[in-house]
Amino acid sequence: MNLSDMRKSYEQGGLRKADLHKDPMAQFNLWFTDAKQATEDNHVESNAMTIATVGNDGQPSSRIVLLKELTEDSFIFYSNYTSSKAQQMEENPKVALNFYWYSLERQVRIEGAVSKVSRKRSESYFKSRPYESQLGAWASEQSSEIPNQDVLVKQMQALRERYTEGDVPLPDFWGGYAVTGLRYEFWQGRPNRLHDRFEYSLNGTNVWSIKRLSP
Ligand SMILES: Cc1cc2nc3c(=O)[nH]c(=O)nc-3n(C[C@H](O)[C@H](O)[C@H](O)COP(=O)(O)O)c2cc1C
């Protein structure tokens, strides 16, 4: 396999400052709608995003989670509050998100602050999950070592006996996080690596400034 020959020309389109919405969340919503439309036929999860966290040890760590709600100013995902990422976000509530929509040749980067959502919001999302996913949240001590898969199978069996469908409570160690962006970047691939990049930043004011960045 020759990795140096793996090369793709990005031809889908361009991005001009004049095309951009002045509010980055509105711009994100436009691109997210495009991504959902572009991927709905091939079962690609356009709501999959990478979240990077850095704890006290200064070591960055990243993994994919699913965007489950968008508010006026935040990106909400759900996870285990005792996981490695949870520990890191507790130590340092600054995170970075990354979306890559391959077929559109678009990337969105968001840097900002993270906080837990209200129990009410987590409860209402938890209720909307399928029964088995609700039990899965209970069954997994996310990020801790387990001896084998069997432990999870047995745990799920015990949980099925303990809780009937429609009756699974929200675990107190599980819930949502909201990421509020302080810096956004919208990236559109262009031929010859002359990609379009626009950065939104707040610069201490309440008004977003938009800059074109060199690719
Ligand atoms: C497509 C995809 C979607 C995922 N969605 C979530 C999610 O929404 N929440 C979550 O906690 N983990 C999700 N995961 C698992 C995480 O990537 C990760 O393995 C897990 O959260 C443990 O990470 P940590 O040990 O760094 O805390 C997903 C993984 C993939 C590949």
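1. The protein chain has five helices and nine strands. Here helices (H or I, at least four residues) and strands (E, at least two) are DSSP runs, numbered from the N terminus. Starting at the N terminus, the order of elements is α-β-β-β-β-α-β-β-α-α-α-β-β-β. The C-alpha trace spans about 60 × 50 × 35 Å along its principal axes.

2. A word on the basis. This is a predicted model, where local features need pLDDT of at least 70, side-chain atom pairs count only at pLDDT 80 or more, and totals for chains, interfaces and linings use all residues. Residues are numbered from 1 along each chain as its sequence is written, and side-chain values use heavy atoms, with hydrogens and water left out.

3. Look at helix 4 (residues 131-139) and helix 5 (residues 150-162). Their axes come within 9 Å and cross at roughly 120°. Axes are lines fitted to C-alpha atoms, for helices over the stretch in contact, and angles run from 0 to 180 degrees between N-to-C directions. The two helices are therefore oblique to each other (under 35 degrees is roughly parallel, over 145 roughly antiparallel, 65 to 115 roughly perpendicular, the rest oblique).

4. Which residues make this contact (heavy atoms within 4.5 Å)? Helix 4 gives Tyr 131, Glu 132, Leu 135, Gly 136, Trp 138 and Ala 139. Helix 5 gives Leu 152, Gln 155, Met 156, Leu 159 and Arg 160.

5. Now the ligand. Residues around the ligand (a heavy atom within 4 Å) include Glu 45, Arg 63, Ile 64, Tyr 78, Ser 79, Lys 85 and Gln 142. The side chain of Arg 63 has an N or O atom 2.8 Å from a ligand oxygen. For Ile 64, a backbone N or O atom lies 2.7 Å from an oxygen atom of the ligand. In Ser 79, a side-chain N or O atom is 2.7 Å from a ligand oxygen.

6. Last, Asn 92. Asn 92 sits in the loop between helix 2 (84-91) and strand 5 (94-101). Its side chain reaches the backbone oxygen of Val 54 at 2.9 Å. Asn 92 and Ala 113 are 21 residues apart in sequence, and 9.1 Å apart in space, C-alpha to C-alpha.

Conventions
Contact = heavy atoms within 4.5 Å. Polar contact = N/O pair within 3.5 Å; in protein donor to acceptor, adjacent residues only side chain to side chain.
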